[in-house]
Amino acid sequence: MIKGIRPLLRGSTYSGVLFAYCGAMASLPLLPFAMLPTLAWPSAPYGLRMVLTLLVWAALIGMVGLARTTRRALIAFARRLLRVPLPDPVAASAPAVSGPVTPSGADRLRTPLWLLLHVALGWTGALTSGVLVIAGLTLPVGRFRAEAELSLYGWSVRPESGWQSWAAALGCVLLAAAVCVLVTSALQWLAPRLLGPSSAERLALAAERELRLAERNRLAHELHDSIGHTLTATTIQAAVAGEVLSADPTAARAALRSIEESARAALEDLDYVLGVLREEKAQTAPTRTLADLPELLDRLRHAGAVVEPELSGELAQVQGTLSRAAYRILQEGLTNALRHGAGGPIEVRVAAAADGLELSVVNRTRSGTGTGAGTDPGPGAFPTSGHGLPGLAERVRLLHGEIDAGPDGPQHWRLAVRLPVRLSA
């Protein structure tokens, strides 16, 4: 019994009934226009005129449902009153993986069908519950020595005094409440199916989510590469500056100046990433390309590293996404060399050919250790999150390239990447 009346105590039931009745009342202004054809044909039978009026009324209601603003309003009211989670409709021009969203004919008819069912359920619930409530109030009249008779389409009932009339009245009230629950449940079941996203809108929403995830992954890679490299380099440069501060002030000032430049570049990257994450209108994204590679190598030298670059080919002609990705790959490889290297020169090779761009970073490692994700960095090395090499592999895969990272002999680690390249004329 308690479970049976729980739906009556929910706020969504009352608001759902209000939603149904409002839909029924909203269709009333269209009724005079639906009666115009029957007024022009007064000699038609009464039944035919009723059917014609209902058909014209339904057609007018369906035409209202074809408007895009009607769908948005219905979704907003359904979310508010029916408590049904419905996403906002996707615009027809929303970008998707396969092009703009083009709803089919069946998708366009879902809103008119919802509006017709909404109005039909609203009128059915209003009339049925209204009759039942009136019956529940009228049946016990005989108890007060009065007479009452209910008549509907030729069917009449005259209540008798006594407990039977009170039981019948209570039954009518409970039936009216049950009708309200059924109408609300029917609308809540229909809303996701008729007002929810169509197949084309689901594809557009999935494509939008995929683009957001790809952008977040790209930002995560940018933040990891930029901030990770800067923190590693500045930590080493600060240690170098502290050691040579008294013996070689010039070298100490150079290290501090390099720390300032590295921190400024990292702050630019951080501001851009935070602006995108907060969905603010971010400024132009800071671009680091192969043209900035000499500056990166200079910062490593200021940190005390010995860098042996080998650059060949027309690097200036490698542009766009490929140049930016190549810079980040080299930056991550050099950062790993600084974190886990055991001193000695760091060999950097960049070769641009007509069919590919080859990148490699080779550094000396501690005996028995490596620099890859999941390896033991050894005592005195920097801690690692393990995201570096997997992030590089994902970046290279998106560019349809090849990556090889692993030991190169007993005491060296080698990162080699080959990317397909298209040189500009």
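Strands are DSSP runs of E with at least two residues and helices are runs of H or I with at least four, both numbered from the N terminus; two strands pair if DSSP finds at least two bridges between them. The model is predicted, and local features need pLDDT of at least 70, side-chain atom pairs count only at pLDDT 80 or more, and totals for chains, interfaces and linings use all residues. Residues are numbered from 1 along each chain as its sequence is written, and side-chain values use heavy atoms, with hydrogens and water left out.

**View A. Hairpin of strands E4 and E5.** E4 and E5 form a hairpin with 3 residues between them. Strand E4 (residues 345-352) runs antiparallel to E5, joined by 6 bridges. Serine 360 in E5 is the bridge partner of arginine 349.

**View B. Strand E5 and its pairing with E7.** E5 is joined to strand E7 (residues 412-420) by 9 bridges, and the two run antiparallel. Tryptophan 413 in E7 stands opposite asparagine 363. Of the 9 residues of E5 (residues 356-364), 7 are buried, so the strand is largely enclosed by the rest of the structure; buried means under 20% relative accessible area (1.4 Å probe, protein chains only).

**View C. Packing of helices H12 and H13.** The axes of H12 (residues 293-302) and H13 (residues 320-340) come within 11 Å and cross at roughly 10°. H12 is therefore roughly parallel to H13, a term for angles under 35 degrees. In contact (heavy atoms within 4.5 Å) are Leu293, Leu296, Leu297, Arg299 and Leu300 of H12 with Tyr327, Leu330, Gln331, Leu334 and Leu338 of H13.

Technical notes: Axes are lines fitted to C-alpha atoms, for helices over the stretch in contact, and angles run from 0 to 180 degrees between N-to-C directions. Angles under 35 degrees count as roughly parallel, over 145 as roughly antiparallel, 65 to 115 as roughly perpendicular and the rest as oblique. Buried means under 20% relative accessible area, exposed over 50%, partly exposed in between (1.4 Å probe, protein chains only).
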